[in-house]
Amino acid sequence: MLFLQDSYIKEFNSTITQIIDNKVYLEETAFYAKSGGQPGDQGILNAGEETYKIIDTIKNDGKIAHLIEGDLNLNIGQVIHGKIDWNLRYRYMRMHSTMHLLCSILPFYVTGGQISFEKSRIDFDLGEGKYDIDFLQDQVNELIEEDHQVSYKWITTEELATQPELVRTLSVQPPNISGQIRLVKIGSVDLQPCGGTHIHNTKEIGKFHFIKYESKGKKNKRIHFTVNE
Ligand SMILES: [Zn+2]
């Protein structure tokens, strides 16, 4: 999972370790597998003279599977060059990082979320809490403008267990790499365990645009939003 070390890796070389139907597995990959409401990456896989289209990336049996379009003529042990559809991925990174900012403004548990290219949504369990949604757009844009830097820190699962307040999403577990969990820190704004892909600083998000608020039941108060250049 090269994206856990650096989410800006757009191209990389790797070796095929397994092929099952149209699913190709690699020794290492920068392709993000669909999880936590973030779509899987798409892109290109080059092997010798052949170019294949990766139409989706998913987790299968705990491993990252690259879904190839059409017939494939590939072998285990073959060296490949992967290239991510950066236009898609960078927008997902901006949307996903925006969700962290929303978490800092709305101090409630996250009960759902979905990112797409055009717009995204995130659900909160407000419980008995109240929030005045009219201020949301300005508050998020203020945080973006403050240009907070994103940084990472690895802690053990035991350390995380002593700080349960850091966990904001109960349904999505961040990847556990040999007993280590990655914490994502956005300046002085947000700190939580997360295995997603983030921008370097909040200004890269651009402008936050609040679309609408929707109640999807007691535990799911939904915010629809998008980001513009
Ligand atoms: Zn994240």
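These notebook entries record what I looked up in a predicted model of one protein.

**Entry 1: the whole chain**

I began with the overall make-up and noted four helices and 14 strands in the protein. I then compared the radius of gyration, 19 Å, with the 17 Å that the globule rule gives for 229 residues; the two values are close, so the protein is as compact as a globular protein of that length. Along the principal axes, I found that the C-alpha atoms fill a box of roughly 55 × 40 × 35 Å. I also looked up burial, and 33% of the 229 residues are buried. For contacts between residues at least 6 apart in sequence, I recorded that 62% join residues at least 24 apart.

**Entry 2: the four-stranded sheet**

I traced an open sheet of four strands, in the order β7-β8-β14-β13, with antiparallel pairing. Its edge strands are β7 (109–115) and β13 (207–215), each of which pairs on one side only. From one strand to the next, I noted an average twist of 20°. As a reminder to myself, strands of a sheet pair through backbone hydrogen bonds, either parallel or antiparallel.

Within this sheet I examined the pairing of β8 (residues 120–125) with β14 (residues 221–228), which is antiparallel and runs over five bridges. Here I found R121 opposite H224 of β14.

**Entry 3: the end of the chain**

I followed the chain past β14 and located E229 in the segment after that strand. Is E229 buried or exposed? I counted E229 as exposed because it has 5 C-beta neighbours inside 10 Å, and the cut-off for an exposed residue is 12 or fewer.

**Entry 4**

I turned next to strand β11 (residues 180–186) and strand β12 (residues 190–193), which run antiparallel and are joined by four bridges. Which residue of β12 is the bridge partner of I186? I identified this partner as D190. Three residues lie between the strands of this hairpin, and I noted that G187 takes a positive phi near 45°.

**Entry 5: two aspartates with positive phi**

D21, which is not a glycine, has a positive phi of about 55°. I placed D21 in the loop between β1 (11–20) and β2 (23–26). D21 counts as exposed because it has 9 C-beta neighbours inside 10 Å.

I found a positive phi at D61 as well, near 55°, again in a residue other than glycine. D61 belongs to the loop between β4 (50–60) and β5 (63–68). With 8 other C-beta atoms within 10 Å, D61 is exposed.

**Entry 6: helices α2 and α3**

Finally, I examined how helix α2 (residues 86–105) meets helix α3 (residues 136–145). Their axes come within 10 Å and cross at roughly 115°. I recorded the crossing of α2 past α3 as right-handed. Which residues of α2 and α3 meet? On the α2 side I listed T98, L101, L102 and I105, and on the α3 side L136, Q139, V140 and L143. By class, I noted six nonpolar and two polar residues in this contact, with no charged residues.

Conventions:
Residues numbered from 1 in each chain as written. Predicted model: local features only at pLDDT ≥ 70, side-chain atom pairs only at ≥ 80, totals over all residues. Axes fitted to C-alpha atoms, helices over the stretch in contact; angles between N-to-C directions. Left-handed = near helix turned anticlockwise from the far one by under 90°. Contact = placed C-beta atoms within 7 Å. Nonpolar A, V, L, I, M, F, W, Y, C, P; charged D, E, K, R; others polar. Pairing = 2+ DSSP bridges. Buried ≥ 20, exposed ≤ 12 C-beta atoms within 10 Å, placed from the backbone. Rg over C-alpha atoms; globule rule 2.2 N^0.38 Å.
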